[in-house]
Amino acid sequence: MLDKGQTLTCLTSFLSASLLGMLVAAQLCMAGAVNPAENGLTALRLGSVSVDGRPALRLVVETRTPATVKMLLLSAPYRLVIDMRDVAWQVESLPKKGRLDRSPATAFRFGKPEPGIGRLVIEMDSPAAPFRAFALPPNKGGHRFVIDMADNGRTAFQVAAAALRDSKPIQFGGAEVTNDQRAVGAETKMVASAITPPIPKPKQAKQALAVTPVAAVPKPQKRPNRWVVFIDAGHGGKDPGAIGRAGTKEKDITLAAAIELARQLEGSGQIRAVLSRKDDRYLKLRQRIKLARAQNADLFVSLHADSAVSKSARGISVFTLSDTASDEEAAALARKENKADLIGGPDLGVEDPEAANELLRMFQRESMNQSTHFARKILQEIKNMPGGDERGHRFAGFAVLKAPDMPSVLVEMGFLSNREDEANLNRKSYQRKLAGRLTGAILRYLEEFGPEI
Ligand SMILES: [Zn+2]
């Protein structure tokens, strides 16, 4: 009798007894004693889901007991590494490696790089990164965790890889319900139509890596050999933004500056510039982020012009995202800029579904670090502009900077409440000069920190 915790390992061994000139075949069967402390990987499944209209790969890993997992992302080739504590390969008869044909997954393998670690590697043909990981309720004794992955470009991959490298292992399916599991309760409904019901445990080992019979995921388009920079002209349409002493509207200044910056970035030959708007139109803050992510942008630059009660306040400020503001003025400015969304009426989807996601929170922190490097590059470039870098790098909770996997900065190009700044910002020559400095900073940042082109 075999206990449940044991597996039957049978080896067929052909022994040649040359002395007797005859072949003796012997089948050796032994009960492979499984370490009771060791967990087992019992099934793998791949499927497709649609998240915000974009295709994503869903990986479901089934284990006998709840798994503790550390993920890593590596490149050349792109791969997701899933290290599981004390997990052995127990998928009946399925080899420990094989090909996969569900883009971006192309192959898998399982190994033991060190005692106590079971490593599942998924090879990929594009820089897909996990954006959500959660446990499903146990099913017939099997514990399952799910990893959803999508290709959001190489910068998003880099951000995720850096964040995962420094992350602690995730305990799936423990007694505690994580925020991710709660969040997914609602989200599952959203994707339910896009995925097939759970596939019953297959009888044939080769089907253990089942693919769901939904339409094939289109291969991501090949990237042009240029970085993608998203330039967000602040405000627009029914939201004029700040109004200058001479009547200048912030929305007009930001549009002129954005168009000039795009022209110069394109002129570098190394960058494809994408504008949030090319005319006078209203966009919600989240729409701006969505547009940038749809382009797999490597950088997000939001352009604004400030105003203050004090007429003497002037100069350029560079802002990045933070939970806590660097100073009360920055906090007040973020509150003011975030109000742009209220002008467009109530946003029914105002609760950010990504806010509860542990993985994205982790990526967001890494994005904030990288944004700080970018802000420093800008400050170096604007040193001898009017007001220079005196106002420095500051931070606050700007909603428009909340893309979790894309370094983002907001530049307040000057004060419309200051007569000189307002006149400068209206001047073509000044717009060209400022755009030139920002172009220099963007190129310098991307050359040092951006993905290779
Ligand atoms: Zn503004």
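In helix H3, the residues Ala256, Ala257, Glu260, Leu261, Gln264 and Leu265 meet Gln431, Arg432, Leu434, Ala435, Gly436, Leu438, Thr439 and Ile442 of helix H9. By class, this contact of H3 with H9 comprises eight nonpolar, four polar and two charged residues. The structure is a predicted model, and the values given here are computed from it.

Two packed helices are described by the angle between their axes and the distance between the axes. Helix H3 spans residues 250–267 and helix H9 residues 428–449; their axes come within 9 Å and cross at roughly 50°. Angles under 35 degrees count as roughly parallel and those from 65 to 115 as roughly perpendicular, and H3 and H9 are therefore oblique to each other. The crossing of H3 and H9 is right-handed.

The chain as a whole contains nine helices and 20 strands. Of its 453 residues, 42% are buried. Among contacts in the chain with a separation of 6 or more, 75% are accounted for by residues 24 or more positions apart.

One of the sheets is an open sheet of six strands with antiparallel pairing, in the order E8-E9-E10-E6-E5-E13. Strand E8 (97–102) and strand E13 (170–171) stand at its edges; each has a single partner strand, so one side of each is left without a neighbour in the sheet. Within this order, strand E10 (residues 117–124) can be followed through its two pairings. Strand E9 (residues 105–114) pairs with E10 in the antiparallel sense over seven bridges, and the bridge partner of Phe110 in E10 is Leu120. E9 and E10 also form a hairpin with two residues between them, and Gly116 in the turn has a positive phi of about 90°. Strand E6 (residues 79–85) likewise pairs with E10 in the antiparallel sense over seven bridges; here Met84 has Gly118 in E10 as its bridge partner. Further along the order, six bridges join strand E5 (residues 68–74) to E6, the two running antiparallel, and Leu73 stands opposite Leu80 in E6.

In a regular strand the side chains alternate between the two faces of the sheet. Strand E10 has a covered face formed by Gly118, Leu120, Ile122 and Met124, whereas Ile117, Arg119, Val121 and Glu123 belong to its uncovered face. Gly118 and Leu120, on the covered face, are the residues already met as bridge partners of Met84 and Phe110, respectively.

Another open sheet of six strands has mixed pairing and the order E16-E15-E17-E20-E18-E19. Strand E16 (271–275) and strand E19 (393–396) stand at the edges, and one side of each is left without a neighbour in the sheet because each has a single partner strand. From one strand to the next, the twist averages 30°. At one end of the order, strand E15 (residues 227–233) pairs with E16 in the parallel sense over five bridges, with Arg272 in E16 as the bridge partner of Val228.

Helix H5 (residues 328–338) lies across strand E17 (299–306), strand E18 (317–321) and E19, and runs at about 55° to E19. Helix H7 (residues 358–381) packs on the sheet as well, touching E17, E18, E19 and strand E20 (408–415). The direction of H7 makes about 170° with that of E18.

Conventions: Residues numbered from 1 in each chain as written. Predicted model: local features only at pLDDT ≥ 70, side-chain atom pairs only at ≥ 80, totals over all residues. Pairing = 2+ DSSP bridges. Helix = DSSP H or I, 4+ residues; strand = E, 2+ residues; numbered from the N terminus. Axes fitted to C-alpha atoms, helices over the stretch in contact; angles between N-to-C directions. Contact = placed C-beta atoms within 7 Å. Buried ≥ 20, exposed ≤ 12 C-beta atoms within 10 Å, placed from the backbone. Parallel < 35°, antiparallel > 145°, perpendicular 65-115°, else oblique. Left-handed = near helix turned anticlockwise from the far one by under 90°. Nonpolar A, V, L, I, M, F, W, Y, C, P; charged D, E, K, R; others polar.
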